[in-house]
Amino acid sequence: MGRYSNLCDQGERLRELLEMVPKGRSDPILRTIRQTQRRLRGTEIDELVVDYRAGATVYELARQFGVHRHTVSELLERHAVSRRYQKLTPEQIDLACTLYERGLSLIKVGEQLGRRAETVRQALMKQGAEIRPRNG
């Protein structure tokens with residue numbers, strides 16, 4: 001019962017404590033925002049795989065499911081889904097250089113490697129090959 005008596009001093013004590021807080025700090029305290037983790041359920045992963053095989057891009061799927069594009073790529077890799085637009089391996093780049101130097105067009109080299117002509121062009125440029133002007 002003694003704990004609840006003399007409550008009139010508590011207001012003064014609170015006022016004294018508030019006066020002890022240093023003044024003059026007007027800038028707000030900045031706090032970092034924690035990243036939220038979004039874990040996909042099994043049914044969502046199955047849907048993601050089906051949508052990718054149907055032609056959706058990694059970027060579209062990332063937006064659709066609210067995850068990072070890297071997460072989509074990893075999920076596809078875990079489920080053994082062959083990826084579109086993969087980079088050329090060093091062996092494929094060597095072959096592409098050889099075929100292109102022999103006179104094949106970027107399109108023909110790409111067809112032999114199973115890649116788009118633009119992918120071949122970018123790989124050749126990184127190797128320092130001189131790209132011929134188009135005949136179109």
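Arg41 is exposed, at 55% relative accessibility; exposed means over 50% relative accessible area, buried under 20% and partly exposed in between (1.4 Å probe, protein chains only). Its salt-bridge partner is Glu44, with the closest N and O atoms 3.9 Å apart. Glu44 counts as buried, at 11%. This is a predicted model: local features need pLDDT of at least 70, side-chain atom pairs count only at pLDDT 80 or more, and totals for chains, interfaces and linings use all residues. Residues are numbered from 1 along each chain as its sequence is written, and side-chain values use heavy atoms, leaving out hydrogens and water.

**Salt bridges**

- The whole structure holds four salt bridges, each a side-chain nitrogen of Lys or Arg within 4 Å of a carboxyl oxygen of Asp or Glu.
- Glu74 pairs with Arg78, the closest N and O atoms being 3.7 Å apart.
- These two residues, Glu74 and Arg78, sit four apart in helix H4, so about one helical turn separates them.
- Glu74 is partly exposed at 34%, and Arg78 is exposed at 62%.
- Glu111 and Lys108 form another salt bridge, at 4.0 Å from N to O.
- Both Glu111 and Lys108 belong to helix H6 (residues 106-113), three residues apart, about one turn.
- Glu111 is exposed at 54%, while Lys108 is partly exposed at 45%.

**Helix packing**

- Helices are DSSP runs (H or I, at least four residues), numbered from the N terminus.
- The axes of H3 (residues 58-65) and H4 (residues 69-78) come within 8 Å and cross at roughly 105°.
- H3 is therefore roughly perpendicular to H4, a label for angles of 65 to 115 degrees.
- Axes are lines fitted to C-alpha atoms over the stretch in contact, with angles from 0 to 180 degrees between N-to-C directions.
- Val58, Tyr59, Leu61 and Ala62 of H3 meet Arg69, Val72, Ser73 and Leu76 of H4; contact means heavy atoms within 4.5 Å.
- The residues of this contact divide into six nonpolar, one polar and one charged.

**Nonpolar cores**

- A nonpolar core is a set of buried Ala, Val, Leu, Ile, Met, Phe, Trp, Tyr and Cys residues joined through side-chain atoms within 4.5 Å.
- The largest has 15 residues; among those with the most contacts inside it are Leu40, Tyr52 and Phe65.
- Helices H2 (42-53), H3 and H4 each supply at least two residues of this core.
- Another core, of 12 residues, lies apart from it and includes Ala96, Leu106, Val120 and Leu124.
- Val72 touches Leu48, Val58, Leu61, Ala62 and Val67, not counting residues up to four places away in sequence.

Note on methods. Angles under 35 degrees count as roughly parallel, over 145 as roughly antiparallel, 65 to 115 as roughly perpendicular and the rest as oblique. Ala, Val, Leu, Ile, Met, Phe, Trp, Tyr, Cys and Pro count as nonpolar, Asp, Glu, Lys and Arg as charged, and the others, Gly among them, as polar.
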